[in-house]
Amino acid sequence: MSFYDRIFKPRRHTLSNGKVVEERFTRLPLIMLIILVCTAISVRITGFSFSVLFSGGRRFFDILFDMFPPNTSYLPKIWTPLLDTIKMSLLGSFIGAVLSIPFAVLAASNIVSNRALVFVVRLFLSLVRTLPTLVCALIATYIFGLGTMAGTCAIAVFTFAYVGKQLFEIIETVDMGPFEAMEALGATRLQAFIASVFPQVLPSYLSVSLFCLEGNVRYASILGYVGAGGLGLIMNEKIGWREYSSVGMILIVLFVTVIAIEGLSHAVRKRLT
Amino acid sequence: MEKTIAAAYKDAPKTWIYKLLLVFIVAAMLAWSSSTIVINDTTGSGAGVAKNILLGIFHPDTKLLFNFTNSGVLYLLLETLCIAFLGTIVGAVISVPLSFISASNLMPRPIAVAGRLAIAAIRTVPAFIYGLMFIRVTGPGPFAGLLTMSLCSIGMVSKMFIESIEDLDKRILESLDAAGCTTFQKIRYGILPQLFPDFMSTLIYRFDMNLRDATVLGLVGAGGIGAPLIFAMSSYRWNEVGAILLGLIILVMIIEWISSKIRTKLTRG
């Protein structure tokens, strides 16, 4: 940023003891300019306009008002898909979180000294992370057929990438003192890892996994849209038939479930840390 | 020495019952949810399909990838980028008041709890339902996608905003008070410098996530790269899928690299 400083000269202040300090010119105009230009381009391309928003904004609530009052008689048919959604996210999160452990260890540069290996594993993790979950779910439906299996797979892949990234960052910030002490006492690297690093990362690891589970319950409801089972499936069906009151009921059930699971996992995570 | 170690082991809290119970609960939950593993492969061609998919994805359609017209990957990526960018900004504009209302150190408890419930309710509704609602307002296209993205951002953005507001160091405000600052000066020199880096960091992170989630918008035809991707997938044109995915992955990685650079700069001050 020295180029910027050359155009806008820093202000000089002379302190009472004769020392001269420089105050660099504020970066705010530059940042504002970049943001404004990006916004202008985006407005042009997406066709953002307030007039459309104000004239048509009322229609946004059409569907919302159709959802109330929710169709309570539809409630008994929601339970099975709801349980499917919860099961999918539970199993998917578990598989993903367990699978991510070896990869996270290999991606931690303080455990593995081979730079190339660390780089390759990290690249793999971020490649998997950029793969949209929806695409995973769609591919899984082609391979395993329509149903909950595809959703479980997609959630496992997503959890794997997310927990893997978080876990290797946690492992890298660990205190290496105990590890070195154990190695000095003659333990193998594996023993030292299990006895010294593992207990340090375990609470954060569980916490990250639970956090991921919370998000997955919500995400699992979208996956149904591509035929991967769960609440999304019936939601898609009811939207197709324009039975918005049933959709409202599904959303209320989902809301209560998500709040309950979040509360539970929040309580557990508070105990962990 | 040996004795002290033995004594320390003896005094260690006995948690094996608790641990066993925990393992048992987790195992029971997994057993309960294992019913989701149903391979519903009626045609028996799962492996063949998987091979076709992989072949297609690794042979991307270069014609589509380097097409500079309105239907090429590059334009679609630009559109997605714009949707994510403006969606994040609109979402941030809505989240700021919402998170000040829900911060429990500024507002009385009932209002804060009501605000949090509202945020949780906004979060629960899946993106495609918002998409359907907004398409009634704006018609199909990137504008609907932008609005959907902004509503979807609110949940996470305001959650992080609330956390940074609740972490505000109030002693700074007290010392500014003691120095005789006006309310405006207190906000300008006491609150903004504390919140600004956190808020920017959250927004940049959310922008990153929005770019990744943009495929969801394609489900309802709300613009961006999602719709072509899903059309290509449902008509089994795997080389087109490969081309789109390749573009998307490269874009996401570049943006992620830039955003992590900026965010480390922000946290280090």
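Two residues are taken to be in contact if their C-beta atoms, placed from the backbone, lie within 7 Å. The model is predicted, so that local features need a pLDDT of at least 70 and side-chain atom pairs count only at pLDDT 80 or more, while totals for chains, interfaces and linings use all residues. Residues are numbered from 1 along each chain as its sequence is written, and chains are lettered from A, with ligands numbered from 1, in the order in which they are written.

Leu229(B) lies in helix H11 (residues 226–234) of chain B; helices (H or I, at least four residues) and strands (E, at least two) are DSSP runs numbered from the N terminus. Beyond residues up to four places away in sequence, Leu229(B) touches Thr215(B), Gly218(B), Val241(B) and Ile244(B), and also Val135(A). Leu229(B) counts as buried because it has 26 C-beta neighbours inside 10 Å, the term buried requiring 20 or more other C-beta atoms within 10 Å of a residue's own, with 12 or fewer for exposed, partly exposed in between, and C-beta atoms placed from the backbone. From C-alpha to C-alpha, Leu229(B) is 9.7 Å from Leu219(B), and the two are 10 residues apart in sequence.

**The two chains**

Chain A has 12 helices and two strands, running from the N terminus as α-β-β-α-α-α-α-α-α-α-α-α-α-α. The radius of gyration of chain A is 26 Å, well over the 19 Å that the globule rule gives for 273 residues, so chain A is more spread out than a compact globule; this radius is taken over C-alpha atoms, and the rule is 2.2 Å times the number of residues to the power 0.38.

| Chain | C-alpha extent along principal axes | Buried residues |
|---|---|---|
| Chain A | about 80 × 65 × 35 Å | 37% of 273 residues |
| Chain B | roughly 65 × 65 × 40 Å | 34% of 269 residues |

In chain A, 69% of the contacts between residues at least 6 apart in sequence join residues at least 24 apart. For chain B, residues 24 or more positions apart account for 71% of the contacts with a separation of 6 or more.

**Domains and a helix of chain A**

An automatic or database domain assignment divides chain A into domain 1 (2–48) and domain 2 (68–272), whose centres, taken over C-alpha atoms, are separated by 41 Å. Helix H12 (residues 244–272) of chain A has 29 residues and reaches 41 Å from its first C-alpha to its last, close to the 42 Å expected at 1.5 Å a residue, where the expected span is 1.5 Å times one less than the number of residues. Buried residues of H12(A) include Tyr244(A), Met249(A) and Leu254(A), and their cover includes helix H10 (189–223) of chain A and helix H6 (109–124) of chain B.

**Interface and core**

The contact between the chains takes 52 residues from chain B and 50 residues from chain A. Helix H7 (residues 127–138) of chain B gives the most to the side of chain B that touches chain A, with eight residues.

The largest nonpolar core has 125 residues, among which Ala137(A) and Ala154(A) touch the most other members; such a core is a set of buried Ala, Val, Leu, Ile, Met, Phe, Trp, Tyr and Cys residues joined through C-beta atoms within 7 Å. Helix H8 (residues 148–172) of chain A supplies the largest share of this core, 16 residues.
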